[in-house]
Amino acid sequence: MTSDAQARAALKRGDLNAAAAAAKALVAAEPDQSEGYFLLGIVAAEAGQVAKAVPLIQAAVDRGPQAEHLAQLARLLILLRRDGEAADAARRAIALGPADARSSDTIGCVLARLGDHQASLAPFTAAVEAEPGNLDYRYNLAAACGFTGREEDARRHYEAILAADPGNARAHYALAILSRQTVQANHLPRLKTALVNADRPDDALRIRYALAKELEDIGDPEAFAHLSAANAEHKRKLGYDFAQDAAIFDAVEALFTGSALAPGAGDPDPSPIFIVGMPRTGTTLVDRILSSHRKVQSAGELQAMPLAVKRLAGTRSRTIVDPDTIRASAAVDPAAIGAAYLKQASHHRTGHAPRFTDKLPANFLYVGHIARALPGARIVCLRRNPMDTVWSNYKNLFASQSAYYAYSYDLMDIARYYARFDRLMALWDRLYPGRVLQLSYERLVADQEAQTRLLLDHCGLGWDEACLSFHRNTSAVATPSAAQVRRPLNADGVGKWRTHREGLEPIRCWLAQQGFDVPQ
């Protein structure tokens with residue numbers, strides 16, 4: 001067996017020491033060839049040494065680019081958040097025509113991470129055609145179909161996954177959120193069977209969320225019991241304490257009410273439009289309205305601002321946002337933050353629209369940084385009735401390991417988080433009057449045209465009739481709101497919490513005690 005075959009066989013069985021030895025032997029024997037360096041890089045990546053792996057795979061590419069090598073290079077660059085280089089490597093891999101399913105799927109995953117879901121369809125399709133029995137590849141294709149509005153194709157692929165693996169929790173949940181279920185057409189019996197047979201906590205979590213979503217769709221209050229069970233278990237698993245988020249809010253408030261901020265004029269670029277707010281309050285809807293405008297494109301939910309602050313603050317913590325990073329950012333020149341943000345965001349912009357939206361909801365924590373670093377940027381914050389906000393956060397399964405959403409698995413944690421969010425938005429209004437348009441979801445639903453005109457005026461955009469027909473926007477949507485924003489504006493989501501009034505009554509009372517205007 002040749003050294004490269006030995007290394008690949010060792011990698012397949014998880015023997016990294018044997019794989020490294022064979023790859024080193026290959027490099028020693030053929031230092032001008034690419035394979036040994038590539039395999040050494042993969043060994044390093046499998047060992048969790050991504051930063052070490054990149055230059056090794058780059059050395060392989062330098063010795064003669066191959067689609068497989070470029071695809072893996074792109075994957076690792078994305079992990080390091082070097083988005084521009086990752087995009088370049090993925091495009092070069094596509095141009096070389098990957099011959100194996102794994103490389104095609106990897107390229108699709110990189111494009112999806114970059115937000116280019118339309119472009120990801122071709123490599124995902126190629127991967128499934130090459131290995132139709134690989135359910136992970138088929139799931140990735142199904143998700144891309146859902147994000148790009150190909151609902152029936154997505155449904156077909158998810159059903160194919162479940163035919164092969166009836167307990168596949170990811171597919172069950174994806175099907176539940178793909179479209180609105182009805183009393184006549186739903187998956188409830190199948191989901192209840194899958195829940196009984198679920199033997200892993202993560203599977204039970206997803207299936208309970210799928211059940212809750214479909215029960216919610218048909219107005220069945222049993223949804224609350226499934227969410228309570230799923231969320232309580234997941235919060236316990238995460239070990240979350242609200243004090244973790246309270247410390248971040250405290251640090252942000254202290255930074256911007258103190259006097260330690262570095263002076264600086266920021267970057268005047270007027271192209272960004274930040275859409276912020278609590279999740280599930282209409283941020284995707286407003287993103288679709290704005291990106292229907294002839295001068296605006298959606299860049300998706302970017303990590304560009306949190307990453308710019310983190311990198312320039314220079315803290316060594318493993319989390320992107322934490323009190324130490326917030327405090328350390330006081331010494332950073334705002335112009336440097338603005339420039340770093342714009343560079344990172346540029347890798348997610350396609351076409352020639354002069355303006356772009358960044359709809360990462362958690363950017364409400366960074367409004368102060370944005371106001372100083374990008375004085376020409378516009379900021380819109382979505383506001384929704386507190387009770388609907390709490391309920392919509394509780395019933396949505398966010399990225400289950402993301403620190404951004406750790407508060408969302410307990411009703412009282414969500415209420416406390418909402419109260420701190422509201423307090424922080426009031427601070428931004430005092431510090432930067434007029435910089436943030438606080439847009440009411442309920443008012444937008446009740447008077448679409450007037451509120452759309454208000455929105456466009458705040459963003460410095462002229463009237464565009466297409467903004468009223470946002471549901472005809474064909475660009476991809478990769479959020480749980482994908483199905484809703486492909487329908488005309490409606491009031492279906494207003495007052496949904498009332499279906500679960502009894503379970504939510506303690507939260508309503510607590511919010512009322514804090515001075516919030518909550519409905520009876």
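## Basis of the description

The model is predicted, so that local features need pLDDT of at least 70 and side-chain atom pairs count only at pLDDT 80 or more, while totals for chains, interfaces and linings use all residues. Residues are numbered from 1 along each chain as its sequence is written, and side-chain values use heavy atoms, with hydrogens and water left out.

## The sheet

An open sheet is formed by 5 strands in the order β2-β3-β1-β4-β5, with parallel pairing. Strands and helices are DSSP runs numbered from the N terminus (E, at least two residues, for strands; H or I, at least four residues, for helices), and two strands pair if DSSP finds at least two bridges between them. On average, neighbouring strands are turned by 25 degrees against each other, direction ignored. Axes here are lines fitted to C-alpha atoms, for helices over the stretch in contact, and angles run from 0 to 180 degrees between N-to-C directions.

Strand β3 (residues 355-358) pairs with β2 in the parallel sense over 3 bridges, and Thr 357 of β3 has Ser 298 opposite. Strand β3 is also joined to β1 by 3 bridges, again in parallel; here Phe 274 stands opposite Asp 358. Which residues of β3 point one way, and which the other? Arg 355 and Thr 357 point one way, Phe 356 and Asp 358 the other, and all are buried. Buried means under 20% relative accessible area, exposed means over 50%, and partly exposed lies in between (1.4 Å probe, protein chains only).

Helix α22 (residues 411-431) lies across β1 (272-277), β4 (378-383) and β5, and runs at about 145 degrees to β4.

Helix α14 (residues 223-238) contains Ala 223, which counts as buried at 0% relative accessibility. The C-alpha atoms of Ala 223 and Ala 212 are separated by 4.1 Å, although the two residues are 11 residues apart along the chain. When neighbours within four places in sequence are left aside, Ala 223 is in contact with Ala 212, Leu 215, Glu 216 and His 500; contact means heavy atoms within 4.5 Å.

## Cysteines

How many disulfides does a search of the whole structure find? The search finds 0 disulfides, a disulfide being a pair of cysteine sulfur atoms within 2.5 Å. For Cys 381, the closest cysteine sulfur is that of Cys 459, at 13 Å, too far for a bond. The sulfur of Cys 467 also has its closest cysteine sulfur in Cys 459, at 9.7 Å, and this too is too far for a bond. Cys 381 counts as buried at 0% relative accessibility, and Cys 467 is buried with a value of 0%.

## Salt bridges

Side chains of opposite charge can pair when their charged atoms come close. The whole structure holds 28 salt bridges, each being a side-chain nitrogen of Lys or Arg within 4 Å of a carboxyl oxygen of Asp or Glu. One of them joins Glu 68 to Arg 8, with the closest N and O atoms 3.0 Å apart. This pair links distant parts of the chain, with Glu 68 in helix α5 (residues 67-79) and Arg 8 in helix α1 (residues 3-12), 60 residues apart. Glu 68 counts as buried at 18% relative accessibility, whereas Arg 8 is partly exposed at 33%.

Asp 203 and Arg 200 meet in a salt bridge with an N to O distance of 3.1 Å; Asp 203 is buried at 11% relative accessibility, while Arg 200 is exposed at 53%. Another salt bridge is formed by the side chains of Arg 420 and Asp 250 (2.9 Å, N to O). Arg 420 lies in helix α22 and Asp 250 in helix α15 (residues 243-257), so this pair ties together parts that are 170 residues apart in sequence. Arg 420 is buried, with a relative accessible area of 11%, and Asp 250 is partly exposed at 39%.
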